[in-house]
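Dear colleague,

Please find the structure below, together with its sequence. A short account of the findings follows it.

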Amino acid sequence: MSLLPQALLSGLMLAAIYSLVALGLTLVFGLLDIVNFAQGQLLVLGSYLTITLAREGIGYWPALAAAVLAAAAIGYALDASLFARVRDDPINGLLLSVGIIAVCQTLFFRGWGPNSQSLGDPIDIVFQIGSATFQGNRLAVIGVTLVALAGLSAFLRRTLTGKALRATAEQSDAALLMGIPTERVRHLAFAFGAALAALAGGLFAIVFPIDPTVGDSPLIKGFIALIIGGAGSPLGAVIGGLFLGMVEALGITYWSTGATELLEFALLILVLFVRPNGIIRVARESTL
Amino acid sequence: VIATLRRRGAVLGWLAFLAWMLLLSASGDVTLINVAVLTAIWTTWGTSFNLIWGYAGQFSMAQVGFGALSAYVAAVLVAEQDWNAWAAAGAGIMAAVLASVIVGAASLRLTGFYFAIMTLAFSLLLLRFLGTLDLAGKTTGMSSSFDFGTLSIGSSTWDLGSRSGGFLWFMVVVAAVALLFVQRLGRTGVGRALRALRDDEVLAAAIGAHPLTYRLTAFALSAVLAGVGGICYASHLRYITPSFFALNLIIVMIVLVVVGGRGYVFGPFLGAAFYVTVTEWIRIGDELQAGLFGVVLIGVVLLAPRGILGTLDVKLPRPRASG
């Protein structure tokens, strides 16, 4: 039996998760100049909230939606109460995000324990095409991500709030002079970043068991996707995520996990040497 | 009085450092000697971070990774090849320097954003790689008790591994060398160029300080100190697993340099003394510790982002301009 269809499906599923994380990072970095290292923790928060709510019996999809909304509110509050105070020096924002990681890790250990938790199997469908099987939960991750990406793209392009976000990213002083409440727009960007992370986390939980440190890997992969695609570009984040997900799935299937980690790091180094602005020309031109 | 204290800042730092070590070791208490040992190790390790971030202005999250790399290379060489501990440690440190040159050359040309990400990616991917490596015992880890032997001068001997004090003073000497190195470096042309680049890159570059060259040098030097710190830490623990060097430890590194005061020679020592006292001596909130330090970090960043020494430096009156 060929492993290829399975590997491709896993690759797309990983690509979906990495794209969502990278996109959240891009939004926050584009508007706030902050490298938000706590994005991985927000992802885990999304996973835990989804799992807990789904166990309450409200069903997986409502639980996911509630987790995303809660994360957005938390993101908004974090920016308004903490990050807004250190706008003058981006390094302090980075330090705050590191502090948040530590606080979250402790909360996760206290709240959900060190052992893995899983959702059971809310989407227990398997498609059989020829000799290849496709698990429904992986397809669901890919499908939801595509819908979310399309929604975000439409939001940024079509709505007034989306335009305000892009204007603030491009020229915040000018945006302020045009009457855009740039501070509130920044809080909103952070809320979107948190919501995207929580969405990735909620989806992650239908494929993988969740423990308090499970967010570290998607965080790093999100960053690598961001750099490979070209920092500051939403399209680049998605393309970088797609590329990285495929490399990882094929590498793990046909080679080894350890070697794949090294390969990904080597790719990152190579991209920085050869194309520090990212590998894709189109992406470079599609700023926020 | 304050002006004198200020001028004698370095002397005060050295006195505090020695007094801390002497008093704790004189107690003869196992816990307190442990506190002193860990303070010394974290001073060395934290100094490596202080060098690259406090002096060169580049926020590196690779220092823990460099330490892990050195410790693992040394441990594997000792276990598999029967290398002498000193030679194995040297090889481990070389590995860290090599890694720093590769990571630094790729990312130091770009903005600090790339450097921070690259260094974190290095640390975490290295751990995941080590976790899959048979040679290093995968996730269960491997022994790292290095035998550094005994030093004899005339009739007196110094067992560098003795837990009753020999190891402590070995670690203290290592930390003192690290502090002295950074203190001296700060006064040389390299140190001045690094600070100039940190404060105003364009201006510094215009007067001839090539940013990449100086920063890469600083990063490689910081990798040496990080490698030494990691090997000391592994030697103290005697057994290492990848999870010992996880994100938590990176956070510890950041917390202690931020709290002590970045860019000050004795900042890492002060931060280390604070951190080790809380975790190993008075042991506040065992399970909540990580979160506690997260709160401390957030609080310090919001209220006194320059840390203890930086805040004192700004708040205390300055001596009249004379030197």
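What does the accessible surface of chain A come to, and what share of it belongs to carbon and sulfur atoms? The surface amounts to about 11500 Å², and 65% of it belongs to carbon and sulfur atoms (areas by the Shrake-Rupley method with a 1.4 Å probe; for residues, only the protein chains shown count as cover).

Please note that this is a predicted model, in which local features need pLDDT of at least 70, side-chain atom pairs count only at pLDDT 80 or more, and totals for chains, interfaces and linings use all residues. Residues are numbered from 1 along each chain as its sequence is written, chains are lettered from A and ligands numbered from 1 in the order in which they are written, and side-chain values use heavy atoms, with hydrogens and water left out.

Chain A as a whole

Chain A has 12 helices and two strands (DSSP runs numbered from the N terminus: helices are H or I with at least four residues, strands are E with at least two). Starting at the N terminus, the order of elements is α-α-α-α-β-β-α-α-α-α-α-α-α-α. The radius of gyration of chain A is 19 Å, which agrees with the value near 19 Å for a compact globule of 288 residues (taken over C-alpha atoms; the rule is 2.2 Å times the number of residues to the power 0.38). Of the 288 residues in chain A, 56% are buried (under 20% relative accessible area, 1.4 Å probe, protein chains only).

The two strands

Strands β1 (residues 126-129) and β2 (residues 132-135) of chain A pair in the antiparallel sense over four bridges (pairing requires at least two DSSP bridges). They form a hairpin with two residues between them, and Gly130(A) in the turn has a positive phi of about 60°. Val126(A) stands opposite Gln135(A) in β2(A).

Aromatic pairs

Over all chains there are 33 aromatic pairs (rings of Phe, Tyr and Trp, the last by its six-membered ring, with centres within 6.5 Å; planes under 30 degrees apart are stacked, over 60 edge-to-face, the rest tilted). Phe17(B) and Phe269(B) form an edge-to-face pair, 5.3 Å centre to centre with 80° between the planes. Phe17(B) lies in helix α2 (residues 9-26) of chain B and Phe269(B) in helix α12 (residues 267-281) of chain B, so the pair ties together parts 252 residues apart in sequence. Phe17(B) is buried at 0% relative accessibility, and Phe269(B) is buried at 4%.

Yours sincerely

Definitions and conventions. Buried < 20%, exposed > 50% of the residue type's maximum accessible area, 1.4 Å probe, protein only.
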